[in-house]
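Hi,

Here is the structure I promised to pass on. Please have a look at it first, and then read my notes below.

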Amino acid sequence: MVAGWISDGIGKSIRALARHPGARRLLERLAQEIDEAVEDRTGTGSTRSLYQMRLSRPPTKVVEPLATMPYRPGVDDAALLGVLQAAFAWHPEEQWDQSRLQAESAAAGFQPSDVLLARSEGQVVGCCWTKVHTGGEAPRGEIVIAGVRPEHAGKGFGTRMVAAGLDHLWDQGMDWVYLYVESSNLRAVRAYLRLGFSVYRTEHRFGEPPLVIP
Ligand SMILES: CC(C)(COP(=O)(O)OP(=O)(O)OC[C@H]1O[C@@H](n2cnc3c(N)ncnc32)[C@H](O)[C@@H]1OP(=O)(O)O)[C@@H](O)C(=O)NCCC(=O)NCCS
């Protein structure tokens, strides 16, 4: 309870300070110091980190978006789960089964049309799960998940599929789009950089080693 009041108070003070450019520089410096101090204390050397990457409405297309189809609940479940299970077999927090799919589909604001499926030779080979956030600030979109079947990875599908996801979000009037990606996920980071995203923030998971991406 007391810890809650203290952290609420600190949060409010930080938000107030962040409105002033001079104080903001100081906060950035402080955040860096905290990162380094915590890292020093764990002594792990390298740590798991996530990038939050952002992209504002781009002026030009950098790749031709892939033709995609919207997910049809009940019809495409096995195909979608097949992609997610194969693409994220290595990821501890992205283990998918029918009950997770049902739970995510029942979440507030979920629209099946926000989940884009990419096909090749009749088979679903990838999915780009997008989300629209309209509450609060400017309307912003999210690339929640992008996954390509491993046997089709590295052939340009992912980049073009996410380009289709971005178009889907721009068409709904989003001002900017964000996503989270493991910093060690070179293929994904490169795809996002190519599409114009840049790293906005790095979030560290101290005490956890970086995920090894196959
Ligand atoms: C991330 C993912 C969607 C990218 O799709 P993809 O079709 O494999 O990627 P692309 O072929 O479009 O290539 C993307 C970039 O990675 C590069 N790349 C391809 N294979 C690579 C490899 N083995 N190692 C490093 N980079 C690689 C490509 O050259 C390209 O970079 P460039 O544009 O600078 O040349 C896909 O690999 C995937 O599903 N991975 C597992 C799930 C995942 O990590 N999802 C992202 C987090 S939500």
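**What surrounds the ligand**

By class, the shell around the ligand holds 11 nonpolar, six polar and four charged residues. Please keep in mind that this is a predicted model. The shell counts 21 residues, and the closest to the ligand are Ala153, Gly154, Gly158, Thr159 and Ala188. Strand E5 (140-148), helix H5 (157-171) and helix H6 (186-194) each supply at least two residues of that shell. H6 gives the most, with six residues.

**A closer look at H6**

Just after H6, Gly196 takes a positive phi of about 105°.

**The sheet and its helices**

The protein chain has six helices and seven strands. From the N terminus on, they run α-α-β-β-α-α-β-β-β-α-β-α-β. An open sheet of seven strands has the order E2-E3-E4-E5-E6-E1-E7, with mixed pairing. Strand E2 (68-70) and strand E7 (198-205) stand at the edges with a single partner strand each, so one side of each has no neighbour in the sheet. On average, neighbouring strands are turned by 25° against each other, direction ignored.

Within this sheet, E3 (residues 115-120) and E4 (residues 123-133) run antiparallel and are joined by six bridges. Leu116 stands opposite Cys128 in E4. Helix H3 (residues 77-87) lies across E3, E4 and E5, at about 90° to E4. H5 also packs on the sheet, where it touches E2, E3, E4, E5 and E6, and its direction makes about 35° with that of E4.

**The chain as a whole**

The C-alpha trace spans about 55 × 40 × 35 Å along its principal axes. Of the 214 residues in the protein chain, 22% are buried. Among contacts between residues at least 6 apart in sequence, 73% join residues at least 24 apart.

Best wishes

Terms used
Residues are numbered from 1 along each chain as its sequence is written. This is a predicted model: local features need pLDDT of at least 70, side-chain atom pairs count only at pLDDT 80 or more; totals for chains, interfaces and linings use all residues. A residue is near a molecule or strand if its C-beta atom, placed from the backbone, lies within 6 Å of it. Helices (H or I, at least four residues) and strands (E, at least two) are DSSP runs, numbered from the N terminus. Ala, Val, Leu, Ile, Met, Phe, Trp, Tyr, Cys and Pro count as nonpolar, Asp, Glu, Lys and Arg as charged, and the others, Gly among them, as polar. A residue is buried if 20 or more other C-beta atoms lie within 10 Å of its own, exposed if 12 or fewer, and partly exposed in between; C-beta atoms are placed from the backbone. Two residues are in contact if their C-beta atoms, placed from the backbone, lie within 7 Å. Two strands pair if DSSP finds at least two bridges between them. Axes are lines fitted to C-alpha atoms, for helices over the stretch in contact, and angles run from 0 to 180 degrees between N-to-C directions.
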